[in-house]
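Some notes on this model follow, as numbered points. Please read them alongside the coordinates.

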Amino acid sequence: MAVKTIWPIHYACGHQDDRDLSDRPADRRAGFAEWLAKQKCTDCWRADAERTDQDKADWLKARQDESDAWAVKFRMPPLEGTERSVPWGVRCRHQIMDAAHTALVVEGDTSVAQWEKIEDSARTVTRAGWWIDQRFSQPEDLPELLQVATGADRPTENPHF
Ligand SMILES: [Zn+2]
């Protein structure tokens, strides 16, 4: 008797379907059918993928709204850059500033007055690409990075130089 080609599969999602496994070698069909039974059916798999995409879009939208609101609250100016880099830069700036505030003020010994100076110099850096570039920086390095960005450390730091 030939090995059957149509296998009824009871998928892990609860659906069932007859799968034509004739394109598989006869001696692999049982193993493949067993593997299939541990998966979700194609429809459920596709629905999951679409949901994941939608979740990602929703998550991004929520973060964007949060970052936009944060920028307004802390009087951070609009950023300059391409259509793609501006919203991304706004999110990076929010994340970087939040992390730096936690590291320097909440957990560190930076005073509120010192922090306000950091915020002031952050306001002068309006290039979206700069904020995107700093997204993996250490939170406590922000003051130094801002100094470099604003050129504030270039004057007479070392008179012999
Ligand atoms: Zn299903």
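1. Strand β1 (residues 6-10) and strand β2 pair in the antiparallel sense over 5 bridges; two strands count as paired if DSSP finds at least two bridges between them. His10 stands opposite Gln16 in β2. The hairpin of β1 and β2 has 5 residues between the strands, and in this hairpin Gly14 takes a positive phi near 105°.

2. This is a predicted model: local features need pLDDT of at least 70, side-chain atom pairs count only at pLDDT 80 or more, and totals for chains, interfaces and linings use all residues. Residues are numbered from 1 along each chain as its sequence is written.

3. The protein has 6 helices and 2 strands, in the order β-β-α-α-α-α-α-α from the N terminus. Helices (H or I, at least four residues) and strands (E, at least two) are DSSP runs, numbered from the N terminus.

4. Strand β2 (residues 16-20) is hardly covered, with 0 buried residues among its 5. A residue is buried if 20 or more other C-beta atoms, placed from the backbone, lie within 10 Å of its own. Of the 161 residues of the protein, 14% count as buried.

5. The radius of gyration of the protein is 27 Å, whereas a compact globule of 161 residues would have one near 15 Å. The radius is taken over C-alpha atoms, and the globule rule is 2.2 Å times the number of residues to the power 0.38. Along the principal axes, the C-alpha atoms fill a box of roughly 95 × 40 × 35 Å.

6. Among contacts between residues at least 6 apart in sequence, 65% join residues at least 24 apart. A contact requires C-beta atoms, placed from the backbone, within 7 Å.

Key. A residue is buried if 20 or more other C-beta atoms lie within 10 Å of its own, exposed if 12 or fewer, and partly exposed in between; C-beta atoms are placed from the backbone. Two residues are in contact if their C-beta atoms, placed from the backbone, lie within 7 Å.
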